[in-house]
Every structure is written in structure tokens, then in C-alpha cells.
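Me: I would like to learn how to read a model of this kind, feature by feature. Could you give me the general idea each time and then turn to the case at hand?

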Amino acid sequence: MKIEITIDCPECEGYGRTETTTGGWTAAGPWMEYQTHECHHCDGTGNESVVVDDYDTLEEAQMDYPKSKMQAA
């Protein structure tokens, strides 16, 4: 049975954006800069989908991927 499994992106944890932090010291003291970018791993969707053919039922797949959304493909 083909099953489409959708999980949160491991790179951005489902937010679709990643944050870069830089910082340092100047004569005025410490500074920090935060920049957010679209996640390059999931293209900003926050999730990734894969179709697998290793399971006979949705329940079997749910046991291996408990925090995912799935449907028959």
C-alpha cells in the first residue's frame, strides 16, 4: 500500500523559516543581529512529504511515524 507521509521539516521544525544570529563587540559595547530566512530544506512550507510502499495499513505506518500526517497515496 502506498502511503504519503507528511512530517515537520527537521531543519526549521515546521516553521518554514530559519534564523541566523551574529554578534560581536565594538567600542560602544556588544551587538547582536538576527536575520530570518526562508528554509532552504523545505522551501518555506514547513513540512516535507514522502511516499512509501513499506506498509500494509495506515496503522502500521503510524506506529513508525507517530507525529506525522498520512494518507493513502
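This is a predicted model: local features need pLDDT of at least 70, side-chain atom pairs count only at pLDDT 80 or more; totals for chains, interfaces and linings use all residues.

Me: Where does D8 lie, and which residues is D8 in contact with, leaving aside neighbours within four places in sequence?

Reply: Strands (E, at least two residues) and helices (H or I, at least four) are DSSP runs, numbered from the N terminus, and D8 belongs to strand β1. Contact means heavy atoms within 4.5 Å; once the neighbours within four places in sequence are set aside, D8 is in contact with E13, G14, G46 and N47.

Me: How many helices and strands does the protein chain have, and what pattern do they follow along the sequence?

Reply: The protein chain has five strands and one helix, and read along the sequence they follow the pattern β-β-β-β-α-β. The radius of gyration of the protein chain is 19 Å, well over the 11 Å that the globule rule gives for 73 residues, so the chain is more spread out than a compact globule; here the radius is taken over C-alpha atoms, and the rule is 2.2 Å times the number of residues to the power 0.38. Along the principal axes, the C-alpha atoms fill a box of roughly 65 × 20 × 15 Å.

Me: What share of the residues is buried, and which residues form the largest nonpolar core?

Reply: Of the 73 residues in the protein chain, 21% are buried. A nonpolar core is a set of buried Ala, Val, Leu, Ile, Met, Phe, Trp, Tyr and Cys residues joined through side-chain atoms within 4.5 Å, and the largest one has six residues: I3, I5, V52, Y55, A61 and M70. Leaving aside neighbours within four places in sequence, I5 is in contact with E48, S49, V50, V52, Y65, S68, K69 and M70.

Me: Where is Y65, one of those contacts of I5?

Reply: Y65 is placed in the loop between α1 (58–64) and β5 (69–72), and its relative accessible area of 30% makes it partly exposed. Not counting residues up to four places away in sequence, Y65 touches I5, Y55 and M70. Between the C-alpha atoms of Y65 and T6, which are 59 residues apart along the chain, the separation is 9.3 Å. For the protein chain as a whole, residues 24 or more positions apart account for 61% of the contacts with a separation of 6 or more.

Me: How should I read the two strands β2 and β3, in which G23 and T36 are placed?

Reply: One can take a residue from each and ask what it touches. G23 lies in strand β2 and counts as partly exposed at 45% relative accessibility; not counting residues up to four places away in sequence, G23 touches W31 and M32. G23 and Y34 are eleven residues apart in sequence and 8.8 Å apart in space, C-alpha to C-alpha.

T36 is in strand β3 and is partly exposed, with a relative accessible area of 47%. Leaving aside neighbours within four places in sequence, T36 is in contact with R17, T18 and E19, whereas the C-alpha atoms of T36 and T26, ten residues apart in sequence, are 23 Å apart in space.

Me: What is the phi of E13 and of D43, and where are these residues placed?

Reply: E13 has a positive phi of about 60° although it is not a glycine, and its place is in the loop between β1 (3–8) and β2 (17–26). E13 counts as exposed, at 60% relative accessibility. D43 also has a positive phi of about 60° without being a glycine; D43 sits in the loop between β3 (29–38) and β4 (47–52) and counts as exposed, at 56% relative accessibility.

Conventions: Residues are numbered from 1 along each chain as its sequence is written. Side-chain values use heavy atoms; hydrogens and water are left out. Buried means under 20% relative accessible area, exposed over 50%, partly exposed in between (1.4 Å probe, protein chains only).
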